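Thanks for coming. I will take one chain today and go from the whole to a single residue.

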Amino acid sequence: MLSAIREDAMLVIVTRDGRVFYGTHQMRGDDLPPAIRDAVRRGSERKVYLKVDARAKYGDAVVVIDQVRQAGIENIGIITDRR
């Protein structure tokens with residue numbers, strides 16, 4: 001997904017230990033939806049790119065997807081690594 005490397009792309013990462021990063025900033029609790037809404041107001045594409053570590057818990061990824069949807073984003077791209 002070439003558009004995922006754009007400077008204003010909204011990239012959300014879920015690590016194997018359940019930490020959530022929005023770009024380079026670690027998010028806590030319900031901080032993700034307001035951050036996404038703010039980025040959209042500033043002109044970001046209405047699409048979030050989600051990268052989840054293969055060892056992360058499924059439930060952690062589901063929580064993040066729900067938070068992205070709470071922000072009003074339905075278009076979620078999944079980024080995978082080739083092995």
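**Overall make-up**

The accessible surface of this chain is about 5,700 Å², and carbon and sulfur atoms account for 48% of that. Accessible areas come from the Shrake-Rupley method with a 1.4 Å probe, and for residues only the protein chains shown count as cover.

Before going on: this is a predicted model, where local features need pLDDT of at least 70, side-chain atom pairs count only at pLDDT 80 or more, and totals for chains, interfaces and linings use all residues. Residues are numbered from 1 along each chain as its sequence is written, and side-chain values use heavy atoms, with hydrogens and water left out.

There are two helices and five strands, in the order β-β-β-α-β-α-β from the N terminus. Helices (H or I, at least four residues) and strands (E, at least two) are DSSP runs, numbered from the N terminus. Of the 83 residues, 33% are buried, meaning under 20% relative accessible area with a 1.4 Å probe, protein chains only. Take contacts, that is, heavy atoms within 4.5 Å. Among those between residues at least 6 apart in sequence, 71% join residues at least 24 apart.

**The core and helix 1**

In the largest nonpolar core there are 17 residues, and Val12, Tyr22, Leu32, Ile36 and Val64 have the most contacts inside it. Such a core is a set of buried Ala, Val, Leu, Ile, Met, Phe, Trp, Tyr and Cys residues joined through side-chain atoms within 4.5 Å. At least two residues of this core come from each of strand 1 (10-14), strand 2 (20-22), helix 1, strand 4 and helix 2 (58-70). Helix 1 contributes the most, four residues.

Which residues of helix 1 are buried? They are Leu32, Pro33, Ala35, Ile36 and Ala39. They lie on the same side of helix 1 because they cover an arc of only 165° around the axis, taken from the directions from the helix axis to the C-beta atoms. Their cover includes strand 3 (25-27) and helix 2. Beyond four places in sequence, Ile36 contacts Met10, Tyr22, Val48, Val68, Ala71 and Ile73. After helix 1 comes Gly43, with a positive phi near 110°.

**Lys47**

Lys47 sits in the loop between helix 1 (32-41) and strand 4 (48-52). Lys47 is buried but has no salt bridge, which would be a side-chain nitrogen of Lys or Arg within 4 Å of a carboxyl oxygen of Asp or Glu. The nearest side chain of opposite charge is Glu45, 5.4 Å away; Lys and Arg count as positive and Asp and Glu as negative, with His and the chain ends not counted. Setting aside residues up to four places away in sequence, Lys47 touches Met10, Ile73, Asn75 and Gly77.

How values were computed:
Buried < 20%, exposed > 50% of the residue type's maximum accessible area, 1.4 Å probe, protein only.
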